[in-house]
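Hi,

Here is the structure I promised to pass on. Have a look at it first, and then read on for my notes.

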Amino acid sequence: MSASPVYLDAATAAPLHPVARQALLAALDDGWADPGRLYTQARRARHLLDAAREATAQTLGVRADEISFTPSGTTAAHAAVLGGLAGRRRVGPTLVHSAIEHSAVLHAAERHVAAGGTATSVPVDRWGRLDLDGWAAAVRAPGVALAALIAASHEVGTRQPVAEAARECAEAGVPLFVDAAQVVGREPVPAGWSVLTASAHKWGGPPGVGLLVVRKGTRWESPWPADERESGRTPGTLNLPAVVAAAASLRAAAADAAAEAARLAPLVDRIRARVAAEVPDVEVVGDPDDRLPHLVTFSCLYVDGEALLHALDRRGFAVSSGSSCTSSTLRPSHVLEAMGVLSHGNVRVSLHRETTETDVERFLAELPDVVARLRAEAGVVGL
């Protein structure tokens with residue numbers, strides 16, 4: 001009898017939280033009507049939407065009318081960037097962003113540049129941490145409309161100096177957009193931001209729900225055609241049962257976040273130490289200390305990334321990679337490239353509320369043999 005599969009890719013999507021499942025099923029009965037109408041069924045739906053928005057606002061420490069639900073975290077990120085730039089187009093055409101932003105932010109930046117705007121990319125160090133001096137200079141340049149900084153790297157887990165970057169932005173009079181997809185539901189977001197986005201399936205909510213938070217006083221203009229829903233910030237009818245499930249699971253995840261971090265951090269420490277000690281020619285990347293508690297990334301020399309992921313999958317381990325072999329662009333991960341670290345044979349392991357010590361031990365027990373076999377098949381021996 002084969003061992004049960006071990007899912008270790010929570011940074012892409014965490015397993016559905018039990019609270020999300022319960023809320024989703026309950027909301028299907030009353031959340032199917034259009035909350036913008038006036039009849040009884042619509043009023044029930046409106047009550048569910050208002051309650052979900054209020055619960056989310058309380059969890060994030062913001063006003064309910066600052067929150068809009070979107071069809072995905074990607075949609076929220078696009079709206080944050082393009083809306084923030086549109087709202088301050090009279091100030092100038094420039095977007096400042098870190099070199100390690102999520103592809104959703106970089107794609108929005110590309111669209112902005114293609115339309116005649118400009119974008120300034122600020123480098124990071126070998127740990128994947130923002131160059132604050134470079135950031136300060138970039139946001140103080142003339143014509144900067146918006147700055148974008150990921151709260152913590154989705155690929156290597158390094159926390160970014162959001163509070164310090166926000167202070168530089170405030171002194172320069174530039175609003176800061178923070179992509180908090182890997183942080184919301186896991187730890188508090190540092191203060192100072194003007195626009196924030198997150199994605200429900202990262203914290204155990206259902207896929208297809210994003211958060212867009214625009215603080216009062218922030219100049220922001222919807223990049224979409226006019227629509228009366230969600231204060232005009234995102235078009236179309238919401239998947240209300242999913243929104244309700246997202247809000248309920250966010251509250252549950254945030255309540256357990258400190259305990260979960262304390263449980264998972266030692267397991268990640270164990271992976272970092274054991275992989276470095278037991279697998280030859282491997283580089284564990286990302287900040288060794290100031291990082292997310294659930295995520296670790298390492299790169300294995302002389303190993304094809306796609307082959308490694310398939311081999312681990314055959315052993316029952318679901319992990320992801322930022323290497324060129326698993327990217328449709330056929331390029332190395334832009335994050336690892338910006339850090340100047342090894343990107344070949346790259347593996348990202350990210351833990352979640354269902355991950356056990358037994359799961360981690362089994363992964364660590366089997367990984368060295370998987371890597372050794374792949375190297376032997378490639379003719380690399382004697383390491």
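Predicted model: local features only at pLDDT ≥ 70, side-chain atom pairs only at ≥ 80, totals over all residues.

Arg-53 turns out to be buried, because its relative accessible area is 10%, and the cut-off for buried is under 20%. You'll find Arg-53 in helix α2, which covers residues 40-60.

What does the side chain of Arg-53 make a polar contact with? The partner is the side chain of Glu-230, at 2.8 Å. Apart from neighbours within four places in sequence, Arg-53 is in contact with Ala-64, Ile-67, Ser-68, Phe-69 and Glu-230.

Glu-230 deserves a look of its own. Its place is in the loop between β8 (210-214) and α7, and with 8% relative accessibility Glu-230 counts as buried. Glu-230 also has a positive phi of about 50°, although it is not a glycine. Asp-281 is another non-glycine residue with a positive phi of about 50°. You'll see Asp-281 in the loop between α7 and β9, where it counts as partly exposed at 37% relative accessibility.

On to charges. Side chains of opposite charge can pair when their charged atoms come close. How many salt bridges does a search of the whole structure find? The answer is 26. Here are a few that I looked at.

- Arg-291 and Asp-269 form a salt bridge with their closest N and O atoms 2.5 Å apart. This pair links distant parts of the chain, with Arg-291 in the loop between β9 (282-285) and β10 (295-300) and Asp-269 in helix α7 (residues 240-278), 22 residues apart. Arg-291 is buried, with a relative accessible area of 8%, whereas Asp-269 is partly exposed at 39%.
- Arg-274 and Glu-361 meet through their side chains in a salt bridge, at 3.2 Å from N to O. This is again a link between distant parts of the chain: Arg-274 sits in helix α7 and Glu-361 in helix α10 (residues 357-377), 87 residues apart. Arg-274 is partly exposed, with a relative accessible area of 23%, and Glu-361 is partly exposed with 29%.
- Asp-227 and Arg-229 form a salt bridge too, and their closest N and O atoms are 3.3 Å apart. Asp-227 counts as buried at 18% relative accessibility, while Arg-229 counts as partly exposed at 26%.

Arg-274 and Glu-361 also belong to a network of salt bridges, in which they are linked with Arg-270, Glu-278 and Glu-357.

Now the rings. A search of the whole structure finds one aromatic pair. It is made by Phe-317 and Phe-363, whose ring centres are 5.5 Å apart; their planes are at 75°, so the pair is edge-to-face. Phe-317 lies in strand β11 (residues 317-318) and Phe-363 in helix α10, so the pair ties together parts that are 46 residues apart in sequence. Both Phe-317 and Phe-363 are buried. There is a charge over a ring as well: Arg-215 lies over the face of Trp-193, at 5.0 Å from the ring centre.

As for nonpolar packing, the largest nonpolar core has 51 residues. Phe-69, Val-96, Trp-135, Ala-147, Leu-176 and Trp-203 have the most contacts inside it. Which element gives the most to this core? That is α7, with ten residues. If you click on Trp-135, you'll find that it touches residues including Val-96, Val-122, Leu-130, Ala-147, Leu-149, Cys-169 and Leu-176. A second, separate core has 30 residues, among them Val-282, Val-296, Leu-309 and Ala-311.

One more residue before I stop: Gln-182, in the loop between β6 (176-179) and β7 (195-199). Gln-182 counts as buried, at 5% relative accessibility. Which backbone oxygen lies 2.8 Å from a polar atom of the side chain of Gln-182? It belongs to Ala-11. Leaving out residues up to four places away in sequence, Gln-182 touches Ala-11, Ala-152, His-154, Lys-202, Leu-292 and His-294.

It's all yours now. Cheers!

Technical notes: Residues numbered from 1 in each chain as written. Heavy atoms only, no water. Salt bridge = Lys/Arg side-chain N within 4 Å of Asp/Glu carboxyl O. Buried < 20%, exposed > 50% of the residue type's maximum accessible area, 1.4 Å probe, protein only. Helix = DSSP H or I, 4+ residues; strand = E, 2+ residues; numbered from the N terminus. Phe/Tyr/Trp six-rings, centres within 6.5 Å; stacked < 30°, edge-to-face > 60°. Lys NZ or Arg CZ within 6 Å of the ring centre and 35° of its normal. Contact = heavy atoms within 4.5 Å. Polar contact = N/O pair within 3.5 Å; in protein donor to acceptor, adjacent residues only side chain to side chain. Core = buried A, V, L, I, M, F, W, Y, C linked by side-chain atoms within 4.5 Å.
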